[in-house]
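Let's take a friendly walk through a protein model together. Please have a look at the sequence and the structure before you read on.

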Amino acid sequence: MNHFDYRNGHLHVEEVPLATIAAEVGTPAYVYSAATLRRHYKVFAGALASANPGVNHTICYSIKANSNQAVIKVLADLGSGADVVSGGELKRALLAGIPPEKIVFSGVGKTAAEMRAALAAGIRQFNVESEPELAVLAEVALSMGVKAPVAFRINPDVDAETHAKISTGKAENKFGIPFDHAREIYRLAAALPSIEIVGVDVHIGSQLTNLAPFESAFARVAELTSALREDGHTIRNIDLGGGLGIPYVRNAPWPQPDAYAAIVNRTVGHLGCDLIFEPGRMIAGNAGMLMTSVIYVKQGTDRRFLILDAAMNDLIRPAMYDAHHEILPEKQPDDRSGWDRADLVGPVCETGDTFARDCEVPQMASGDILCLESAGAYGAVMASTYNTRPLIAEILVDGDRFATVRPREDVDQLIGRDRLPPWMTDDETG
Ligand code: LLP
């Protein structure tokens, strides 16, 4: 559920008319609802708590989904931790007020410098994905005179049944330690004085709409945890990653947090471990929309195009994953009469710059505003400046207030980052 709905025929974000935001900040812009972020966090936390009574759990919001400081702060204020995958994300999490003891560091390519920063901050856990990474972490920790808290990310060889580009739990994927090699790497780690083994980690992919793969993966984690304990290791944390899918199609069924939480309980609930979760999309996805205006309505040979002021550089998901984002016009459409079919496209010079093909839309004219829904996760964070299109604004609404939480980038600023080499400047050539 989100807080985007019509009042008096006009789209509102919580208490604020979308048109008011558009008039003040212009389009395109990302618009987020704080109430929706809070709601999603609480639904997830509530489901986990009621299905797993007496089990400690920490939600480490996966900030790659939407790492705006204001978004992280909304969640930090609810007690969220963070899952980070770079030194930059670590900095963002700390700056937004996430306590280091609630930060886990994931990713296959952590550098020594990033490890140093995370150890200095005192994070909760490194999710280590390879032997070479373990060796570097051990060396960095040793040089700092500290112990690095480590969980190994296990590759359970489970098909997440999601888009191939965001599926991470099969043996052929670059992620995690092969299941059959897990006991061996724990044995190696136990012998390293600067490493403290604290847990097991798994993340099999994103936008899972079928819960069965979670059950298979978590069952493997439980099996491994018992084996590791038999081997004499202390396993206190189980990190189950993120991945819970959201509805991108209005009114479509989607996996329920309650059912997910019940699977958690069935598979790992009996192990006496603290549980860690890394949801990203299910918190932020449907808490944000991409607000855009129609520049032109163009009649092609056999189809109509709505040419929007947002493009693939602002929201890459349709071009990259063939993702579907529903359309919500600012003016509430009366009824289905007068609707037409059109392609929704951006101004970028690629046919791939298409948000929707042959979709049903109400009559729209140049200047009309509409939103692409479910754009709160993996929207702004994946934007680029392709075609020298500056990064767009991000707006946070909270009740009857709204604020720009990232101003629209300026084109001069963007070009101003380029430098001519000395041999091209007048001084040198003259
Ligand atoms: N933990 C780890 C280790 C991850 O790699 C990810 C996402 C998450 C947690 C959060 O997963 P979520 O709960 O959001 O599904 N750009 C793609 C999604 C990439 C997901 C990458 N990893 C998209 O737009 O669909």
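This is a predicted model: local features need pLDDT of at least 70, side-chain atom pairs count only at pLDDT 80 or more; totals for chains, interfaces and linings use all residues.

Residues are numbered from 1 along each chain as its sequence is written, and side-chain values use heavy atoms, with hydrogens and water left out.

Let's begin with helix H1, which covers residues 18-25. Helices (H or I, at least four residues) and strands (E, at least two) are DSSP runs numbered from the N terminus. Which residues of H1 are buried? They are Leu 18, Ile 21, Ala 22 and Val 25. Viewed down the axis of H1, these buried residues fall within an arc of 100°, so they line one face of the helix. The arc is that of the directions from the helix axis to the C-beta atoms. Here is the general idea: an α-helix has 3.6 residues a turn, so residues three or four places apart point the same way. On the face of H1 turned away from the buried side you can find the exposed residues Ala 23 and Glu 24. In these descriptions, buried means under 20% relative accessible area, exposed means over 50%, and partly exposed is in between (1.4 Å probe, protein chains only).

Now step past the end of the helix. Gly 26 follows H1 and has a positive phi, near 80°. Then comes a cis peptide bond, from Thr 27 to Pro 28, with omega near -5°. Pro 28 belongs to the loop between H1 and strand E4 (29-33).

Asp 157 has a phi near 55°, a positive value in a residue other than glycine. This residue lies in the loop between strand E9 (148-155) and strand E10 (177-178). With a relative accessible area of 40%, Asp 157 is partly exposed. Asp 358 is not a glycine either, although its phi is positive at about 50°. Asp 358 is found in a strand, E18 (residues 354-361), and counts as partly exposed because its relative accessibility is 39%.

Is Gln 299 buried or exposed? Its relative accessibility is 55%, so Gln 299 counts as exposed. Gln 299 is part of strand E14 (residues 288-299). A polar atom of its side chain lies 3.4 Å from the backbone oxygen of Arg 303.

Our last stop is the ligand. How many residues surround the ligand? There are 19, and the closest are Ser 206, Glu 278, Arg 317, Tyr 321 and Tyr 378. A residue is near a molecule if one of its heavy atoms lies within 4 Å of it. A polar side-chain atom of Arg 317 lies 2.6 Å from an oxygen atom of the ligand. On its own the ligand has 590 Å² of accessible area, and the protein covers 91% of it. Such areas come from the Shrake-Rupley method with a 1.4 Å probe, and for residues only the protein chains shown count as cover.

Definitions and conventions:
A polar contact is a pair of N or O atoms within 3.5 Å; within protein, one must be able to donate a hydrogen and the other to accept it, and residues adjacent in sequence count only if both atoms are side-chain atoms.
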